[in-house]
Amino acid sequence: MRRQDSLWNRVDWLLIAVFFILVILGWLNIYAVVYDVEQEQNIFSFDLNSGKQLIWIAGSFVIIIAIMILDYKFFDSFAYYIYAVVLVLLVLVLLVGTEIAGNQSWFVFGPVRLQPSEFAKFATALAVAKYFSSNNVRLDRFKDQIKSSLFVLVPLGLIVLQGDAGTAMVFISFIIVYYREGLPSFYVITGLSAALIFILTLLVDQMYLTIGVIVLATIIVVINNKRLKNIGITILAAVIVIGVIQSVDYVISDVLKPHQQNRLKALVNPDADPLGYGWNVTQSKIAIGSGGTFGKGFLEGTQTKFDFVPEQSTDFIFCTIGEEHGWAGSFVLIFLFLVLMIRIVFLAERQKSNFARIYGYAVAGIFFFHFGINIGMTIGLFPVAGIPLPFFSYGGSSLWSFTILLFVLIKLDAHRMQVLTR
Amino acid sequence: MIENRKYIIQILIIVVGVIFLVKLFSIQVMESRYKLAAENNVINKVVQYPYRGLILDRNNKIIVHNTPVYDIMVVPKEVEVQDTTAFCKLLDITEEEFNTKIQKAKEYSYIKQSLFYPQLSNEEFAKIQSRLVEYKGFYPVARTVRKYPEPILANGLGYIGEVSKRQLERDTTNYYKQGDFIGISGIEAAYEEELRGKRGVKYKLVNVRGIEKGSFNDGKFDTLSVPGNNLVSTIDLDLQKYAEYLMDDKVGSIVAIEPSTGEILAFVNSPSYDPNQLAGRNYSKNFSELNKDTLKPLFNRPIMAQYRPGSVFKLVQSLIGLQEGVIAPSTRIVCNRGIINCHGSHTNEDLHGAIKYSCNPYFYQTFKRIIQQGKVEGMNKDARVGLTTWNNYLSDFGFGRKLGIDIPNESSGMVPGPTYYDRYYQKDHWNFFTIYSLSIGEGELLTTPLQVANFASILANRGYYIRPHLVKGIDTPDSYYKLEFDRQETGIDSVHFTTVVDAMGEIVDGTARIARVKDIQIAGKTGTVQNKDSFDHSAFMAFAPKENPQIAISVYVENAGWGGGVAAAITGLLIEKYIKGEVASNRAWVENYVMTKAYLNNL
């Protein structure tokens, strides 16, 4: 057997470099949020979020070393066990967890708070990868579609029960894995269409929309007057679409909670109530917009101090970058994230084992959803959903879970040549 | 087909990134409305200074309250003054002053607010308010200063002043900021933490021109300032006022205590000053004038002045002698005037007579018996044991140490002990004959007026005292709570007080006749403090009524002659005023006597 190069030479240094840059920028940014000119504060002070975050960062380095030391086969072999443990934790947190900010999703141990749903993403990624790689799953079969989707839907359902819609939404990112593994396009198109119709319903009066659909269906029927089967399908589709349109009101007013309804309203028309439900989005956009091309400078922000935009250092952390570093800073940040995600996809594609590839796509999907939803909401392109921006938002659970996600992939990638010799 | 999906996914990622960049470009670079909104949304942090707690007298009459003033603050970084001359005219300062003030502010901090011009009154501020907004970098901050309806109790109340650099550095709690006020002496300093309250913060939306656009987010992030707690002092405002009036044009002090509680009813320093002098903008000017005054109005005599106790100490010797068993009420001692002189025409008195006639040889003998009890072999060694015993009693009486009154700068007085004499005469090279002048309250002994008043309290209580204090309770918005002060036993059995107190009662009928008040039995003792080169200090100590005492008092008037004179007269008037509420008209001549003597000429 060929002598292996050391692990040091096999890891993907580009990904690790991007990781380090993001973590350091994130840390400086957390300091910028709490910085108050009136007080002389030290970035290392443990009274500040920046000091506390430094502890979490140190912890994540320990995690990285642990992942690198572990046998790469561990993740494959223990995927289901890890998944099972996390599912148990998700159930437990519903029973004995602590409710913080309306979400029953925390375990509190003295000063330390842990959010099992953050780790559920990792566990689900492992389990899905394991399931697809060890069974002959064919996603064009209805039975397999149902079976495999359960791996995602069970944790998703539990997290919805916790009241954490934002994190639950991230589990939809697994659609990317399924899509890559052969889920028929029909599902993706249907899903996207439903979302499009839903958004249109919010923007356009239901009556007009219904009339529009009927007109469209009539035109299609007239054009296709020869084929009876197509006419049937068209009419059926039109009825379903109209059903969806009519149900939007019900979904909004009866399924969604009031604050979720407001977030939708804020997305559609933030200027309607800028001091009420439009507050976050309005303030967030003002902060980002006031940054201009090159920003006001590090620690010089005026709009993102004192936690005026709620969740300033967690969910709305991107505002501080927009304000203090302007469009140039935003560009650098988005560019770094794109490099990160494209590189993850690249790594996933070069894997020899199905397990590693599928896992890689799951990681890419999770990062993509966090990136898309988080920044999207701060600039008013997505409804406000409480999920963190990877490596930037203050908080240990999310930093650790993203670190684990990323470095398990790096570890698997480093061992990709060994798979065949197993 | 499916292999193509990896490209679709990557394209999707990139497309989302590009959408974000385009949207960001539009809100950050293209549109100016967000920049305008941000400028119109400057959030100003305005400190809300709390009201300092009031100080009330024992009957809830106001002694100290607050009045509004405006400080002009400056942020050097933001200063833009086109026409300095006009600006200086506005505040009535010279350009030179303007430059030094700006320089001083810059030295403190470029970006933090510091005080530019202090304490404009309401009227002054109203005149310049509209013009002030034209000058960038200057902000008015409303705050309050102390106001005293009656110009009394200055030394007991103390004063507040701007917090010093050193205090700022030492303040580990980060409560204070430059320009804040802090209690510097007296009650203001001692009860600083109760009085100061808690600063609040108001976040205000202000547009670029500094015009307020309302509170930020409905004041959700504002914190209200919490006013300081009110103090209920032990002072009787009317008695204090009258006492200060009587001390007019005299140097000295008065301390009056309610014996059963240790509450100080009157606390007079003379000469004093109007506390309003140290509360306004002219604080530093007035302070330096007061500081230079040769009559030392800032010297807090009731607790800082130290006098030889004189005859008052004969009462102390009596009590210690009785408790130690070296004399009994019936003990007679011949008044031989060999070593120590005496006055009056008595020859061989018992204890009662000795106190009444203030017989020096009697207490010389008593003290000798206390010091030389023969418990140890050798006269010098025996004296050490005796003096140690005597010292312990004195300490229990509160002499030679701080009593622990609740305001700072108390003097401890002086009671020499064995180590003191060891230093002067070498170890065990002294005995009673070296230190006998202590027997009649002379020698190295020093006591403060407070200690003497407290001793009067002990006599009134027949054996104990409550630690004297100026504040008895704290009035918070929710509740009132009484402060607890410890009770100190003297170790003298209460039966021993009978003879002493009885004799004190007769003094008022004898040497201190001027202190007599109809229907009130006063027990008192004169204490003339002899001075070598000038007039004696007049001192008198008393409590009344003899049974169920309500007031214990010590009066010192410097260079005013013997104790039975003006000090006794003042004591009588104050007792009458406190117990009866007013001085009877047929005693107006006493007040007249007190008020017309020009003792300052004796200095």
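Domain bounds here come from an automatic or database domain assignment. In this predicted model, chain A is divided into domain 1 (7-183 + 261-421) and domain 2 (190-255). Taken over C-alpha atoms, the centres of domain 1 and domain 2 of chain A are separated by 35 Å.

Let's turn to a pocket that draws on both domains. The second largest pocket holds about 2,200 Å³ of space, and 46 residues line it. Closest to its centre are A:Met169, A:Ile172, A:Ala195, A:Phe369 and A:Phe382. Domain 1 and domain 2 of chain A each give at least three residues to this lining. Helix H10 (185-203) of chain A is among the elements that give two or more residues, and so is helix H1 (5-30) of chain B. H10(A) gives the most, with 10 residues.

| Class | Residues in the lining |
|---|---|
| Nonpolar | 37 residues |
| Polar | six residues |

Next comes a pair of helices in chain A. Two packed helices are described by the angle and the distance between their axes. For helix H5 (residues 79-96) and helix H6 (residues 116-134) of chain A, the axes come within 8 Å and cross at roughly 145°. The crossing of H5(A) and H6(A) is left-handed. Residues making the contact include A:Tyr83, A:Val86 and A:Leu90 of H5(A), along with A:Phe119, A:Ala123 and A:Lys130 of H6(A). By class, the residues of this helix contact divide into 16 nonpolar, three polar and one charged.

Technical notes: Residues numbered from 1 in each chain as written. Chains lettered and ligands numbered in written order. Predicted model: local features only at pLDDT ≥ 70, side-chain atom pairs only at ≥ 80, totals over all residues. Heavy atoms only, no water. Axes fitted to C-alpha atoms, helices over the stretch in contact; angles between N-to-C directions. Helix = DSSP H or I, 4+ residues; strand = E, 2+ residues; numbered from the N terminus. Left-handed = near helix turned anticlockwise from the far one by under 90°. Contact = heavy atoms within 4.5 Å. Nonpolar A, V, L, I, M, F, W, Y, C, P; charged D, E, K, R; others polar. 1 Å grid on protein atoms, 1.4 Å probe; cavity = no way out; pocket = protein on both sides within 12 Å on 5 of 7 lines; lining within 4 Å. Points joined across faces, edges and corners; volume = space filled by probe spheres on them.
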